[in-house]
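Subject: Structure handover

Hi,

Here is the structure for you to look over. My notes follow below it.

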Amino acid sequence: MAKLPAMQRTVIFDLDGTLVDSRPDIHAALNRLMAARGQPPFTLEEVTRFIGDGVAMLIQRGFAARGLAPDPTALPAFIADYEANAVVDTRLFPGMAEALDRLQAAGWAMAICTNKPERAARLLLEALGLSGRFVALGGGDSFPVRKPDPAHVLATLQAAGGDAARAVMVGDHHNDIAAGRGAGLPVVYCGYGYGLPEMADGAPVVRAAGELPEMLEKILGK
Ligand SMILES: O=C(O)COP(=O)(O)O
Ligand SMILES: [Mg+2]
């Protein structure tokens, strides 16, 4: 009997803190929003703790930290500013371009599941010349739900034409680990990202982008 071709392997990446270090531009945009309200700037470390649950939550945390009442004009103002300045200092993490090359050469299909709004995520990928690398992108506003809801991962996987039996989720936040596990996927935690060490929650950890190809091959060999 003819052997069936091996099913496509898919890796689903988180974006912020996993593929790219986007903190400097998120930090700058949030501080401009605060400055427009007469508020002092946050440190990079403070803003790092606010990232992970999408842009509305980022602003909510920033406002709460300064004791400001919610302001419905803040979200559209932040998004417009961030979209115009998303790739001033944002770059792929060191070694990530080579890691993506190796994964592509090994036949992995690659997709992105991010809580960042889809349009900002697409602009960012375009500006970094990365759009062609990924077969699908599920943003924080692409579906009715977002991470940690596993349905966000599954909808992204479906858009990528992937199969849950041959897919891995890679991220830097407990939302990524929870969403990936909830979707029934093996998960990998990026220790170089924005999360706190305990967010790995027992998942295998990579300390640098260069460790990803080997780790993914170990989890899901050909
Ligand atoms: O926008 C966020 O809060 C986090 O985005 P991420 O899901 O790509 O890490
Ligand atoms: Mg992240």
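At what angle do α7 and helix α8 (residues 174–182) pack, and how far apart are their axes? The angle is about 65 degrees, and the axes are 7 Å apart. Axes here are lines fitted to C-alpha atoms, for helices over the stretch in contact, and angles run from 0 to 180 degrees between N-to-C directions. That makes α7 roughly perpendicular to α8. The classes are: under 35 degrees roughly parallel, over 145 roughly antiparallel, 65 to 115 roughly perpendicular, and the rest oblique.

First, the ground rules. This is a predicted model, in which local features need pLDDT of at least 70, side-chain atom pairs count only at pLDDT 80 or more, and totals for chains, interfaces and linings use all residues. Residues are numbered from 1 along each chain as its sequence is written, while chains are lettered from A and ligands numbered from 1 in the order in which they are written.

Back to α7 and α8. Their crossing is right-handed. (A crossing is left-handed if the near helix is turned anticlockwise from the far one by less than a right angle, and right-handed if clockwise.) Pro-150, His-152 and Val-153 of α7 make the contact with Ala-179, Gly-180 and Gly-182 of α8. Contact means that the C-beta atoms of two residues, placed from the backbone, lie within 7 Å. By class, three of these residues are nonpolar, three are polar and none is charged. Ala, Val, Leu, Ile, Met, Phe, Trp, Tyr, Cys and Pro count as nonpolar; Asp, Glu, Lys and Arg as charged; the others, Gly among them, as polar.

Overall picture

The protein chain has nine helices and eight strands. Both are DSSP runs, numbered from the N terminus: helices are H or I with at least four residues, strands are E with at least two. The radius of gyration of the chain is 18 Å, close to the 17 Å that the globule rule gives for 222 residues, so the chain is as compact as a globular protein of that length. That radius is taken over C-alpha atoms, and the rule is 2.2 Å times the number of residues to the power 0.38. The C-alpha atoms fill a box of roughly 70 × 30 × 30 Å along the principal axes.

Domains

The chain is divided into domain 1 (10–21 + 91–221) and domain 2 (22–84). The bounds come from an automatic or database domain assignment. The domain centres, taken over C-alpha atoms, are separated by 24 Å. At the interface, 15 residues of domain 1 are in contact with 11 residues of domain 2. On the domain 1 side, β2 (20–21) and α6 (118–127) are the elements that give two or more residues. The largest share, three residues, comes from α6. That side divides into five nonpolar, five polar and five charged residues.

Helix α1 (residues 23–35) and helix α4 (residues 74–84) have axes that come within 10 Å and cross at roughly 135 degrees. That makes α1 oblique to α4. Their crossing is right-handed. Ala-29, Arg-32 and Leu-33 in α1 meet Ala-74, Ala-77, Phe-78, Asp-81 and Tyr-82 in α4. Six of the contact residues are nonpolar, none is polar and two are charged.

For helix α5 (residues 96–105) and helix α9 (residues 212–219), the axes come within 9 Å and cross at roughly 35 degrees. Ala-99, Arg-102 and Leu-103 in α5 meet Leu-212, Pro-213 and Leu-216 in α9. This contact has five nonpolar, no polar and one charged residues.

Backbone points

The peptide bond from Lys-147 to Pro-148 is cis, with omega near 15 degrees. Pro-148 lies in the loop between β5 (136–138) and α7 (150–159). Asp-201 has phi near 50 degrees, a positive value in a residue other than glycine. Asp-201 lies in the loop between β7 (187–190) and β8 (205–206).

Best wishes
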